[in-house]
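Here's a quick tour for anyone meeting this structure for the very first time. Take a look at the picture, then read on.

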Amino acid sequence: RLPRPLEAADAVKALSAQLFAEDGFRGNEVDYYAPQNSLLDRVLESRTGIPISLSVLFAAVCRRVGVQLDMIGLPGHFFARHPPH
């Protein structure tokens with residue numbers, strides 16, 4: 001489903017749509033502090049997690065198609081970004 005040739009920005013958009021819109025991965029708004037939100041096997045099973053676990057999952061999927069993401073931790077926030085060329 002990914003466009004060929006693979007442009008990083010297009011891959012990130014397509015994979016984001018696949019994981020979060022189509023496959024239903026989302027933040028756990030009901031029980032944010034539940035330990036299972038940090039366990040990747042549980043995140044995969046329930047399709048819910050916290051920002052850092054969802055970002056790690058997303059970065060791993062991106063890496064499988066050759067797109068590197070930088071993981072950026074800030075107080076109270078966690079980001080994943082595609083590094084500039």
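Two strands are said to pair when DSSP finds at least two bridges between them. Keep in mind that this is a predicted model. With that in hand, start at the strands: β3 and β4 pair in the antiparallel sense, over 5 bridges. Take Asp70 as an example: its bridge partner in β4 is Arg81.

Now for the helices. Here are the elements to find along the chain:

| Element | Residues |
|---|---|
| Helix α1 | residues 8–22 |
| Helix α3 | residues 51–64 |
| Strand β3 | residues 70–74 |
| Strand β4 | residues 77–81 |

How do α1 and α3 pack, and at what angle? Their axes are 11 Å apart, and the angle is about 130°. That makes α1 oblique to α3. As for handedness, the crossing of α1 and α3 is right-handed. On the α1 side, the contact is made by Val12, Leu15, Ser16, Leu19 and Phe20, and α3 brings Leu54, Phe58, Val61 and Cys62. Sorted by class, this contact of α1 with α3 has 8 nonpolar residues, 1 polar and no charged ones.

One more stop in helix α3: Ser55. Is Ser55 buried or exposed? Ser55 counts as buried, because its relative accessibility is 13% and buried means under 20%. Leaving aside neighbours within four places in sequence, Ser55 is in contact with Met71, Phe78 and Ala80.

Note on methods:
Residues numbered from 1 in each chain as written. Predicted model: local features only at pLDDT ≥ 70, side-chain atom pairs only at ≥ 80, totals over all residues. Heavy atoms only, no water. Axes fitted to C-alpha atoms, helices over the stretch in contact; angles between N-to-C directions. Helix = DSSP H or I, 4+ residues; strand = E, 2+ residues; numbered from the N terminus. Parallel < 35°, antiparallel > 145°, perpendicular 65-115°, else oblique. Left-handed = near helix turned anticlockwise from the far one by under 90°. Contact = heavy atoms within 4.5 Å. Nonpolar A, V, L, I, M, F, W, Y, C, P; charged D, E, K, R; others polar. Buried < 20%, exposed > 50% of the residue type's maximum accessible area, 1.4 Å probe, protein only.
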